[in-house]
Amino acid sequence: MKFMTWKKVAKKGSIPSGKGWEYNVDGKKIAIFNKDGYHALDALCVHQDGHIAPGELDGDVVECPLHSWHYNIKTGKLLDYLEDVKLQTYSVEVRDDGIYVDI
Ligand code: FES
């Protein structure tokens, strides 16, 4: 059984709309995107550990800045080349004092 913990990772309003930002949460690199709500997923591309948070967003899809692999930011699913590969996703909550992620 996996125990989940809500961690405060950012101030409210610190991630501009339509952008992603990377955070270190207990040693994990987590990307949080502000696009139709907040979406959190593992921050490193499965290809060669590119950082996806600064990637271009097109709808629900982020493009890895290194070699343009694509991920759905809501499901974590890789959309190119490999079947059934996903980045882990995390629940996000916006509370009065900040943005929390359940890791
Ligand atoms: S590291 Fe992401 S596409 Fe190569």
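Student: Which residue in S4 is the bridge partner of Phe33?
Tutor: His39 in S4 is the bridge partner of Phe33. Bear in mind that this is a predicted model.

Student: How many bridges pair S3 with S4?
Tutor: Five bridges, with the strands antiparallel. S4 covers residues 38-42.

Student: And S2 with S3, how many bridges there?
Tutor: Seven, again in the antiparallel sense. S2 spans residues 19-25 and S3 spans residues 28-34. Val25 stands opposite Lys28 in S3.

Student: What sits in the turn of that S2 and S3 hairpin, and which residue there has a positive phi?
Tutor: Two residues lie between the strands. Asp26 is the one with a positive phi, near 50°.

Student: What holds paired strands together in general?
Tutor: Backbone hydrogen bonds, in either a parallel or an antiparallel arrangement.

Student: Zooming out, what is the strand order in the six-stranded sheet?
Tutor: It runs S1-S9-S8-S4-S3-S2. The sheet is open and its pairing is antiparallel.

Student: Which strands stand at its edges?
Tutor: S1 (6-10) and S2. Each has a single partner strand, so one side of each lacks a neighbour in the sheet.

Student: How are neighbouring strands turned there?
Tutor: By 30° against each other on average, with direction ignored.

Student: How many bridges join S6 to S7?
Tutor: Three, and the two strands run antiparallel. S6 covers residues 61-63.

Student: What about overall size? What radius of gyration does the protein have?
Tutor: It has 13 Å. A compact globule of 103 residues would come out near 13 Å, so the two agree. The C-alpha atoms fill a box of roughly 40 × 35 × 20 Å along the principal axes.

Student: Last bit. What share of the residues is buried?
Tutor: Buried residues make up 27% of the 103. As for contacts with a separation of 6 or more, 38% come from residues 24 or more positions apart.

Notes:
Residues are numbered from 1 along each chain as its sequence is written. This is a predicted model: local features need pLDDT of at least 70, side-chain atom pairs count only at pLDDT 80 or more; totals for chains, interfaces and linings use all residues. Two strands pair if DSSP finds at least two bridges between them. Helices (H or I, at least four residues) and strands (E, at least two) are DSSP runs, numbered from the N terminus. The radius of gyration is taken over C-alpha atoms; the globule rule is 2.2 Å times the number of residues to the power 0.38. A residue is buried if 20 or more other C-beta atoms lie within 10 Å of its own, exposed if 12 or fewer, and partly exposed in between; C-beta atoms are placed from the backbone. Two residues are in contact if their C-beta atoms, placed from the backbone, lie within 7 Å. Axes are lines fitted to C-alpha atoms, for helices over the stretch in contact, and angles run from 0 to 180 degrees between N-to-C directions.
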